Amino acid sequence: MNADTLVSHLTEWSEAVNSLEKQASKELYENNNETAYRDMMHRRAELLRSLPERATALPQPLRAEAGFPSVLETLRGFAQGADNALRLDSIFDMSALLYPDEHTPGEPNNLELLIRELAR
C-alpha cells in the first residue's frame, strides 16, 4: 500500500466529519432544532475521538509508511480535544474542534490541512 491509501482513508473520515457538521448546522439554523444539533455535534466529536483507533486498525503495510507516526500523533491530538469536549459536554468546544482560533469560514480545517500536506 502507499500514502495515497492513507490519504483516501483520511479523506473519507474528513468527509464524514464535515457531513455531520453540515447536518448539525442545518438542524440549528434552518430547522431550529437544538436537540438534533447537539446530537450531531456529539456524533462528530465521537468520530474525531475514534480516528486514532481507526488509523491503527489500518493494514500493517500502511502503518509502516514513513509519515504514519506523525499522522497518528496528529489524530491523537484531535481525539484528545474531542474527548475533552465530550467529557465537558461542551457544544461550543465540540463546534471548535479542528479549527484554530483565527479560523475564517471557508478555509480548510486542521484535518483537511493534514490531508493536503500528505497529498503533496
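Author: A residue counts as buried when its relative accessible area is under 20%, as exposed when over 50%, and as partly exposed in between, with a 1.4 Å probe and protein chains only. The model is predicted, so local features need pLDDT of at least 70 and side-chain atom pairs count only at pLDDT 80 or more, while totals for chains, interfaces and linings use all residues. Residues are numbered from 1 along each chain as its sequence is written, and side-chain values use heavy atoms, with hydrogens and water left out.

Reader: Is Leu98 buried or exposed?
Author: Leu98 lies in the loop between H5 and H6, where helices are DSSP runs of H or I with at least four residues, numbered from the N terminus. Because its relative accessibility is 7%, Leu98 is classed as buried.

Reader: What is the phi of Leu98?
Author: Most residues other than glycine have a negative phi. Leu98 is not a glycine, yet its phi is positive, at about 80°.

Reader: What relative accessible area does Asn32 have?
Author: Asn32 sits in the loop between helix H1 (3-29) and helix H2 (34-56), and has a positive phi of about 50° although it is not a glycine. Asn32 is exposed, its relative accessible area being 63%.

Reader: Which residues is Asn109 in contact with, leaving aside its neighbours within four places in sequence?
Author: Asn109 belongs to the loop between helix H5 (91-96) and helix H6 (110-119), and is buried at a relative accessible area of 1%. Counting heavy atoms within 4.5 Å as contact, and setting aside neighbours within four places in sequence, the partners of Asn109 are Asn18, Leu98 and Tyr99.

Methods: Helix = DSSP H or I, 4+ residues; strand = E, 2+ residues; numbered from the N terminus.
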